Amino acid sequence: MEIQPWLYQIEPYPGESLSHYLGRFRRANYLTISALGTASGLGGMFIKRLEHFYLNPFPTAKQIADLAGYMGISPEAVLGMLPPCGVPIKLEPSRLCAACYAEAPYHRLAWQYKQTSGCEKHRLRLLSECPKCKKRFGIPALWTGYCDRCGITFESMQIMQKSF
């Protein structure tokens, strides 16, 4: 009898990007991209594509179902973390509303939509780099809540965001 690995179940946040969710899932379960790809049967390159917002070609229904099944969430939840059909997104840099992040620390998919330039809730322009040291934000899967270079927290960046 083969022992199945036990995984921490991570619930997606409302509007969370799949990139950020995959990073949280991997950190909670101590998985590398390769390990998640192997365990899910989808391959590390597929997981890497998702984390980097490389969605062309868009994941198939089977790939979404396999990923969802491995992570213990519904395929609809995975689809909810992907952009709607026909909505173009910015691949990079990752963007951030520090005021939203201060309220709930996760990356919102809507921040990556090409037509989104600011946060409607806070009336602030989105950040694409640290306002202190100017380092561009990495992919949301790697976010830990602070700038990789200077260490300033994402929450504290809100006082440096410009209104629109």
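Which residues line the largest cavity? The views below start there. This is a predicted model, where local features need pLDDT of at least 70, side-chain atom pairs count only at pLDDT 80 or more, and totals for chains, interfaces and linings use all residues. Residues are numbered from 1 along each chain as its sequence is written, and side-chain values use heavy atoms, leaving out hydrogens and water.

**View 1. The largest cavity and its lining.** The lining splits into eight nonpolar residues, one polar and no charged.

**View 2. The largest nonpolar core.** A nonpolar core is a set of buried Ala, Val, Leu, Ile, Met, Phe, Trp, Tyr and Cys residues joined through side-chain atoms within 4.5 Å; buried means under 20% relative accessible area with a 1.4 Å probe, protein chains only.

**View 3. Leu67 close up.** Skip the neighbours within four places in sequence, and Leu67 is in contact (heavy atoms within 4.5 Å) with Leu22, Leu42, Ile47, Leu50 and Val78.

**View 4. Asn29, a buried residue.** Asn29 counts as buried because its relative accessibility is 11%. Not counting residues up to four places away in sequence, Asn29 touches Leu7 and Tyr8.

Technical notes
1 Å grid on protein atoms, 1.4 Å probe; cavity = no way out; pocket = protein on both sides within 12 Å on 5 of 7 lines; lining within 4 Å. Nonpolar A, V, L, I, M, F, W, Y, C, P; charged D, E, K, R; others polar. Buried < 20%, exposed > 50% of the residue type's maximum accessible area, 1.4 Å probe, protein only.
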